[in-house]
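Here are my notes for anyone opening this model for the first time. Have the sequence and the 3D view side by side as you read.

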Amino acid sequence: MSRRLVAGVDTSTQSTKVLVCDADTGEVVREGRAGHPDATEVDPAHWWRAFADATGGGVSGGGVSGGGLLDGVAAIGVGGQQHGMVLLDEAGDVVRDALLWNDTRSAGAATDLIAELPGGAAAWADATGLVPVASFTVTKLRWVAEHEPENAARAASVMLPHDWITHLLRAGNEAGGPTTDRGDASGTGYWSPASGSYQPQLLRLAFGRDLAVPRVAGPAEVVGETVAGALLAPGTGDNMAAALGLGLRPGDVVVSLGTSGTVFGVSERPVTDISGTVAGFADATGRHLPLVATLNAARVLSAVAALLGVDLSTLDELARSAAPGAGGLTLLPYLDGERTPNLPDARGLLNGITRGNATPANLARAAVEGMLCGLADGIDAVRGLGVPVERVLLIGGAAASAAVREVAPALFGVPVSVPDPGEYVALGAARQAAWVLDGGAEPPAWRVPGTAPAAETLAPPVGETRKVYADVRDRAQALLR
């Protein structure tokens, strides 16, 4: 009997990854990858070309008998970077380069939007589960309206990156309007996870007038077909797709160490945080996915390795050779500004340096501890809203670091497991595609990835290291006020 195949796409900040999986078991059969420009604003055409490159021709080169990576694929799901603003005109053409989640030019717009809504941050959190920061789509719309009035005047609709790719995949896309899903919609700032509906008054507040938005499809709804006849799943945001790929259950909290750092867990109810630290996202299944995001994660290690003139493996060795606490050296790793806490104009800060502790080993250790302390704060924030935290699943590129694995359990204060390395966003998108193919009530029961416990340090530096980090963080915030 021939296999039933599904494909999952991860159109992320840095690249497009595609996994072709067995629909019944989740086994990865084929995979492809192509890079994206390293920028905070990108012509969406790059994503479409990357999809074609990653699949050996896209849907026209795949399908049932066309060859290429997608040959024989019966359903496709797309996971995408959240919050990216894709503006389209009446003809469906892109108005300007997409502003991505990590573009912080709209920080002032976020502040203005909070002030302009009666009730401020609490009213935003009640209406959308979010308090505006520069990452969210709603603030990018305000920035364009204020700074690019000609582009704003041309705009007729707005999509997210995964919406746009899914729409292009849809055969004869003019016959069916664009769609999104509740997970990705929950990161816009103008959709409510609690009510399951758009908040058009907030979109008008941001942009000055109405814009067309994609219809929010159900979690396992078929939203179209490709030219090769493959069913299209609704897709979702990258964090929601990763939760699907990992088979996340209540009590599990994911810490993802990629370009950005994220902390997210499963909740059966909507979560509201008027401080804005925790974003009250929806997930891709009908539940909720409270999430904390930082701008600075794995690239902190890369930057410090470059500063020291070593590769990442040597940085790892140096960090492991230093004592917990790095001899009193503390790195506040706001190298690209920061989203949590909301300090888009901040810069990194090295604190406590002396002649005695100014060593490569201590700097390497401080980089690892500083990166993880910010995420430990995120775990505390999620737990503080009633989300159970029984185990941390550590994923992303920096999870491969032995130093990270050693330090994380101590700073997080709970058991830490490291799943098998994998492309969990693409895997989750493929699992959603299999769910659509089966038409079932629940996602298919694919094998949960293996998880190895992270090694704990012999002398966990929980108290002192986190206290010093918090002091440095608070002083940096005071300097920026």
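The points below go through a sheet, a helix, the nonpolar cores and some aromatic pairs.

1. Some ground rules before we start. This is a predicted model, where local features need pLDDT of at least 70 and side-chain atom pairs count only at pLDDT 80 or more, while totals for chains, interfaces and linings use all residues. Residues are numbered from 1 along each chain as its sequence is written, and side-chain values use heavy atoms, with hydrogens and water left out.

2. Let's begin with the sheet. Seven strands make up an open sheet with mixed pairing, in the order S18-S19-S17-S16-S22-S23-S24. Helices (H or I, at least four residues) and strands (E, at least two) are DSSP runs numbered from the N terminus, and two strands pair if DSSP finds at least two bridges between them. At the edges sit S18 (279-282) and S24 (451-453), each pairing on one side only. From one strand to the next, the twist averages 30 degrees; the axes are lines fitted to C-alpha atoms, with angles from 0 to 180 degrees between N-to-C directions.

3. S18 pairs with S19 (residues 288-294) in the antiparallel sense over four bridges, and glycine 280 has proline 290 in S19 as its bridge partner. The two strands form a hairpin with five residues between them, and glycine 286 in the turn has a positive phi of about 115 degrees. In a regular strand, side chains alternate between the two faces of the sheet. Both faces of S18 are covered here: Ala279 and Phe281 on one side, Gly280 and Ala282 on the other, are all buried. "Buried" means under 20% relative accessible area, "exposed" over 50% and "partly exposed" in between, using a 1.4 Å probe and protein chains only.

4. Serine 417 is opposite proline 453 of S24.

5. Helix H14 (residues 424-438) deserves a look. 13 of its 15 residues are buried, so the rest of the structure largely encloses H14. Just after H14, glycine 439 takes a positive phi of about 65 degrees.

6. What about the cores? A nonpolar core is a set of buried Ala, Val, Leu, Ile, Met, Phe, Trp, Tyr and Cys residues joined through side-chain atoms within 4.5 Å. The largest has 59 residues, and those with the most contacts inside it include Leu87, Leu141, Leu211 and Phe281. H14 supplies the largest share of this core, eight residues. Another core, of 52 residues, lies apart from it, with Val253 and Leu329 among them.

7. Finally, the aromatics. There are three aromatic pairs in the structure; rings of Phe, Tyr and Trp (its six-membered ring) pair if their centres lie within 6.5 Å, and planes under 30 degrees apart count as stacked, over 60 as edge-to-face and the rest as tilted. Tryptophan 48 and phenylalanine 51 are stacked, at 5.5 Å centre to centre and 15 degrees between the planes. Being three residues apart in helix H1 (residues 45-55), tryptophan 48 and phenylalanine 51 are about one helical turn from each other. Tryptophan 48 counts as partly exposed at 29% relative accessibility, whereas phenylalanine 51 counts as buried at 2%.
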